[in-house]
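Visitor: I would like to go through this model with you. Could we begin with the overall picture and then turn to the details?

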Amino acid sequence: MITIAIGLSIILLFVILFLLFRIGTLASIFRGSSQRAVGTTKTSNRVNSTLFLLFLVIGGAAFIWSFADAWDDMNLPLASVHGAWTDNLFWTTMIVIGIVFVITQILLFVYSYKYQHKDDKRAYYYPHNNKLEIVWTMIPAVVMALLVFGGWKTWTKITSAAPEDAVVIEVMGKQFNWMVRYPGADGKLGVAKHTLIDATNEFGIDFTDQNAMDDFMPMEIHVPKGQPVLFKIRSRDVIHSVFLPHFRVKMDAVPGMPTKFWFVPSKTTDEMRSETGNPDFKYELACTEICGRGHFAMRYILVVDEPEDYEAWLAKQTPFAEQNPEVVAKFSSSSQQVVAENKTEGKAEEVKSEL
Ligand SMILES: [Cu+2]
């Protein structure tokens, strides 16, 4: 309510200023001011230049307020190794462009006020200066090149191939929830095909593939602290986006194009609870692509365990095939034709899931 009232007051202020400006302009026309002929009046210049200053003050205040208001959301506690590199890059860029932004905006609006039209003033004719142009072209070019180079180096490091011993987890987005699959004891995800998706087999897993027999789908993601975790990401319908803000992980889930992201969690959920002082703290996997009406509901909990707790959790999980023998039975009882089809098409899928 207060926000609406403030918004309305600001709009009203601008309307009043505009009306004052109009009155000033009309009054000067009625006075028969000769300055009207050259397309300007004293009042309009004064009003416009003052508005520039006003805009600088209000805009500056809004700029500072937006930062202050969003500060906690922008600075979530960090829980991954590569997150420190990302944050470093983000803040370096933010500080450099922030300083330039503030200086240029102040100069822009203050000069507009200072050098408003005055009849007794003439502009200084200064058409060209090579040295000045070289300086103001080279400095931004070098700074931008350094920022881009830094970004490229960090991006290369973050998107390098995952270590061999990474914990592999498949994350699949669909309207409107995430589904997660672990490869089980063999460490290999079974082949999945979109043609096999139905109400009982939401991943479209091909149970003629032996690697699929120990795959399991938990209700929460568990990962061990200090070990690399590789997300193999896909989507079943539209574009979704995997977002784990505390880990600085963000990667689109694109239908027909598997993506991946690997990271090393550096703080367990319990450690984060004591750091934030919030006993209910939970890491969250959110969708950060507006993917439809139920987008807001795409939330999945991620738990970072100490390695031994993670092993204990793993040992408690039951493979999907064991829990749903009737789904697997459909594969064994179906005709040899299905098996033959899978043999040929399965290869292509396997290549994809290796990505
Ligand atoms: Cu989504």
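Visitor: What radius of gyration does the protein have, and what would a compact globule of 355 residues have?

Guide: This is a predicted model. The protein has a radius of gyration of 30 Å, whereas a compact globule of 355 residues would come out near 20 Å.

Visitor: What box do the C-alpha atoms fill?

Guide: Taken along the principal axes, the box is roughly 100 × 45 × 45 Å.

Visitor: How much of the protein counts as buried?

Guide: Of the 355 residues, 19% count as buried.

Visitor: And which secondary structure elements are there?

Guide: The protein has 9 helices and 9 strands.

Visitor: Let us take the helices. How do α1 and α2 pack?

Guide: Helix α1 spans residues 2–30 and helix α2 residues 42–74; they pack at an angle of about 160 degrees, with axes 9 Å apart. The two helices are therefore roughly antiparallel to each other, and their crossing is left-handed.

Visitor: Which residues make that contact?

Guide: From α1 come Leu17, Phe21, Gly24, Thr25 and Ser28, and from α2 come Thr43, Ser44, Val47 and Leu51. By class, this contact of α1 with α2 has 4 nonpolar, 5 polar and no charged residues.

Visitor: What about α2 and α3, at what angle do they pack?

Guide: The angle between α2 and α3 is about 155 degrees, and their axes are 7 Å apart. That makes α2 roughly antiparallel to α3. The crossing of α2 and α3 is left-handed.

Visitor: Which residues are involved there?

Guide: Helix α2 contributes Ser49, Phe52, Leu53, Phe55 and Leu56, while α3 contributes Gln105, Ile106, Phe109, Ser112 and Tyr113. The contact of α2 with α3 has 7 nonpolar, 3 polar and no charged residues by class.

Visitor: Then α3 and α4. How far apart are their axes?

Guide: The axes of α3 (residues 81–114) and α4 (residues 130–158) are 10 Å apart, and the packing angle is about 165 degrees. Helix α3 is thus roughly antiparallel to α4. Their crossing is left-handed.

Visitor: Where do α3 and α4 meet?

Guide: On α3 the residues are His82, Trp85, Thr86, Leu89, Thr92, Thr93 and Val96; on α4 they are Val143, Leu147, Gly150, Gly151, Thr154, Lys157 and Ile158. By class, the contact of α3 with α4 has 6 nonpolar, 7 polar and 1 charged residues.

Visitor: Back to α1 for a moment. Is Leu12 buried or exposed?

Guide: Leu12, which lies in helix α1, counts as exposed because it has 10 C-beta neighbours inside 10 Å, and the cut-off for exposed is 12 or fewer.

Visitor: How far is Leu12 from Ile97?

Guide: Leu12 and Ile97 are 33 Å apart in space, C-alpha to C-alpha, and 85 residues apart in sequence.

Visitor: A change of topic: the backbone. Which residues does the cis peptide bond join?

Guide: The cis peptide bond joins Gln175 and Phe176, with omega about 0 degrees. Phe176 lies in the loop between β1 (167–174) and β2 (177–181).

Visitor: And what is the phi of Arg248?

Guide: Arg248 has a positive phi of about 55 degrees, although it is not a glycine. Most residues other than glycine have a negative phi, and most peptide bonds are trans.

Visitor: Where is Arg248 found, and is Arg248 buried or exposed?

Guide: Arg248 is in the loop between β5 (240–244) and β6 (249–253). Arg248 is buried, as 21 other C-beta atoms lie within 10 Å.

Visitor: What does Gly226 touch?

Guide: Leaving aside residues up to four places away in sequence, Gly226 touches Val264 and Pro307. Gly226 lies in the loop between β3 (221–224) and β4 (229–235), and with 13 C-beta neighbours inside 10 Å it counts as partly exposed. Gly226 and Val304 are 78 residues apart in sequence and 9.5 Å apart in space, C-alpha to C-alpha.

Visitor: Last one: where does Phe331 lie, and what does Phe331 touch?

Guide: Phe331 lies in helix α8 (residues 325–333). Not counting residues up to four places away in sequence, Phe331 touches Phe207 and Thr208. With 19 other C-beta atoms within 10 Å, Phe331 is partly exposed.

Key. Residues are numbered from 1 along each chain as its sequence is written. This is a predicted model: local features need pLDDT of at least 70, side-chain atom pairs count only at pLDDT 80 or more; totals for chains, interfaces and linings use all residues. Axes are lines fitted to C-alpha atoms, for helices over the stretch in contact, and angles run from 0 to 180 degrees between N-to-C directions. Helices (H or I, at least four residues) and strands (E, at least two) are DSSP runs, numbered from the N terminus. Angles under 35 degrees count as roughly parallel, over 145 as roughly antiparallel, 65 to 115 as roughly perpendicular and the rest as oblique. A crossing is left-handed if the near helix is turned anticlockwise from the far one by less than a right angle, and right-handed if clockwise. Two residues are in contact if their C-beta atoms, placed from the backbone, lie within 7 Å. Ala, Val, Leu, Ile, Met, Phe, Trp, Tyr, Cys and Pro count as nonpolar, Asp, Glu, Lys and Arg as charged, and the others, Gly among them, as polar. The radius of gyration is taken over C-alpha atoms; the globule rule is 2.2 Å times the number of residues to the power 0.38. A residue is buried if 20 or more other C-beta atoms lie within 10 Å of its own, exposed if 12 or fewer, and partly exposed in between; C-beta atoms are placed from the backbone.
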